[in-house]
Amino acid sequence: MDEAVGDLKQALPCVAESPVVHVEVLQRSGSTAKKEDIKMNVYKLLNRHNIVFGDYVWTEFDEPFLTRNVQSVSIVDTELKAKDPQPIDLSACTLALHIFQLNEEGPSSENLDEETENIIAASHWVLPAAEFHGLWDSLVYDVEVKSHLLDYVMTTLLFSDKNVDSNLITWNRVVLLHGPPGTGKTSLCKALAQKLTIRLSSRYRYGQLIEINSHSLFSKWFSESGKLVTKMFQKIQDLIDDKEALVFVLIDEVESLTAARNACRAGAEPSDAIRVVNAVLTQIDQIKRHSNVVILTTSNITEKIDVAFVDRADIKQYIGPPSAAAIFRIYQSCLEELMKCQIIYPRQQLLTLRELEMIGFIENNVSKLSLLLSEISRKSEGLSGRVLRKLPFLAHALYIQAPSVTIEGFLQALSLAVDKQFEEKKKLSSYD
């Protein structure tokens with residue numbers, strides 16, 4: 001236990017100590033090298049490059065050992081609480097190294113047998129999963145959502161390790177993300193589970209993510225048997241019993257709980273349905289007692305969330321549509337990817353919003369393209385993150401259709417794609 005608390009202390013920021021910098025080391029899937037050997041060689045790399053500017057990634061190495069065994073070394077999450085990247089002297093920081101390998105297998109299904117049908121009650125991933133690699137970095141928010149969620153889970157573990165009396169100070173290990181559709185709530189839950197599995201890899205050998213199929217769980221025919229709910233949560237309990245695993249239970253669209261209760265009160269469904277909902281809440285209360293479980297939930301319809309469930313949530317975080325500044329960063333990451341793949345060619349440097357502010361948004365040869373991107377970002381306000389990530393693809397498919405294009409040509413196409421998206425949105429709303 002002392003060793004576990006020590007690992008946790010290393011991962012937690014401390015005002016009195018040197019700042020902690022997290023370094024994620026992705027070990028190649030075929031590598032059998034010992035973590036201690038990898039750690040030693042990564043420290044050598046960081047000693048040679050001890051000044052970095054914000055987050056940084058190495059994918060090529062001079063050292064043959066690293067080339068053979070490591071896919072990437074990433075300095076991460078330095079910008080979660082600082083909007084502007086700052087130079088970091090690694091020699092003056094506490095380095096927290098997290099070495100991990102990705103699980104290449106996709107999700108499996110957790111099936112429950114009903115008299116007439118085989119119900120897919122949940123999807124199950126072993127973490128860290130290749131499917132979620134890079135997801136955390138792709139999610140852009142205006143407020144410190146990601147850092148708050150990380151800090152929350154770290155505090156729950158610390159309180160558990162220190163045996164804080166939960167009758168005096170209560171916490172339920174339940175997170176509720178709410179907001180309109182398409183804002184990345186489910187993706188953030190999955191990315192958080194992946195990030196925490198990596199961040200706590202010295203404490204837990206792997207992670208487990210169980211995504212409950214709410215539509216199956218609370219449908220009319222499924223409500224006939226609360227025993228199946230108990231059976232499903234027994235499978236989750238079996239995973240939690242493995243203390244080497246960090247377990248995440250994801251319940252998407254948790255307002256389905258309320259829908260089932262309301263249907264019962266209206267007499268539209270059998271009274272057994274409310275027992276199913278109560279069984280779910282009871283099971284959540286049982287599993288949250290374990291220190292190695294986190295319950296992640298989302299809702300698109302805040303006002304319809306079951307009050308009994310809302311009371312259980314420690315964090316209720318609103319996730320809204322991105323602002324123009326967040327959209328700019330989303331588009332910038334998309335353009336960087338397309339330049340890396342040489343679909344946009346030749347590569348050109350784009351200024352950040354902070355750099356544009358520093359020059360007073362004055363147009364010159366250096367700032368021209370970035371100012372155009374800023375203008376496109378402003379007129380994209382109102383679109384969801386889900387749509388924004390599709391727009392570069394649609395811009396190419398609709399207006400370019402060539403193997404490569406200049407960045408000027410691509411930005412023109414992107415602007416047209418944004419206009420078309422709002423036109424389509426207007427047409428769809430006319431049917432309401």
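Trp171 is buried, with a relative accessible area of 15%. The model described here is predicted. The protein chain has 432 residues, of which 49% count as buried, and its secondary structure comes to 16 helices and 13 strands.

**Aromatic pairs**

- Trp171 forms a ring pair with Phe159: the centres are 5.5 Å apart and the planes stand at 85°, so the pair is edge-to-face.
- This pair links distant parts of the chain, with Phe159 in helix H5 and Trp171 in the loop between H5 and S9, 12 residues apart.
- Phe159 has a relative accessibility of 27% and therefore counts as partly exposed, whereas Trp171, at 15%, is buried.
- The whole structure holds 3 aromatic pairs.
- Another of them joins Tyr56 and Trp58, whose ring centres lie 4.8 Å apart with planes at 65°, so this pair is also edge-to-face.
- Tyr56 is partly exposed, at a relative accessible area of 39%, while Trp58 is buried, at 8% relative accessibility.

- Tyr206, Gln208, Ile210 and Ile212 point one way from S10.
- Gly207, Leu209 and Glu211 point the other way, and they are buried as well.
- In a regular strand the side chains alternate between the two faces of the sheet.
- S10 pairs with strand S11 (residues 245–251) in the parallel sense, over 7 bridges.
- Which residue in S11 is the bridge partner of Glu211? The partner is Leu250.

**Nonpolar cores**

- The largest nonpolar core has 32 residues. Those with the most contacts inside this core are Leu127, Leu149, Leu188, Leu209, Phe248 and Leu296.
- At least two residues of this core come from each of strand S8 (118–127), helix H5 (145–161), strand S9 (174–178), helix H6 (185–199), S11 and strand S12 (293–299).
- H5 gives the most to this core, with 7 residues.
- Setting aside neighbours within four places in sequence, Phe248 is in contact with Leu127, Ala193, Leu196, Thr197, Gln208, Leu209, Ile210, Val294 and Leu296.
- In soluble globular proteins, nonpolar side chains tend to be buried together.

**Cysteines**

- A search of the whole structure for disulfides finds 0.
- Is Cys334 buried or exposed? Cys334 counts as buried, because its relative accessibility is 12% and the cut-off for buried is under 20%.
- Cys341 has a relative accessibility of 45% and so counts as partly exposed.

**Whole-chain figures**

- Among contacts between residues at least 6 apart in sequence, 77% join residues at least 24 apart.
- The protein chain exposes about 21900 Å², and carbon and sulfur atoms supply 51% of that area.

Note on methods: Residues numbered from 1 in each chain as written. Predicted model: local features only at pLDDT ≥ 70, side-chain atom pairs only at ≥ 80, totals over all residues. Heavy atoms only, no water. Buried < 20%, exposed > 50% of the residue type's maximum accessible area, 1.4 Å probe, protein only. Helix = DSSP H or I, 4+ residues; strand = E, 2+ residues; numbered from the N terminus. Pairing = 2+ DSSP bridges. Core = buried A, V, L, I, M, F, W, Y, C linked by side-chain atoms within 4.5 Å. Contact = heavy atoms within 4.5 Å. Disulfide = S-S within 2.5 Å. Areas by Shrake-Rupley, 256 points an atom, 1.4 Å probe, with all protein chains shown as cover. Phe/Tyr/Trp six-rings, centres within 6.5 Å; stacked < 30°, edge-to-face > 60°.
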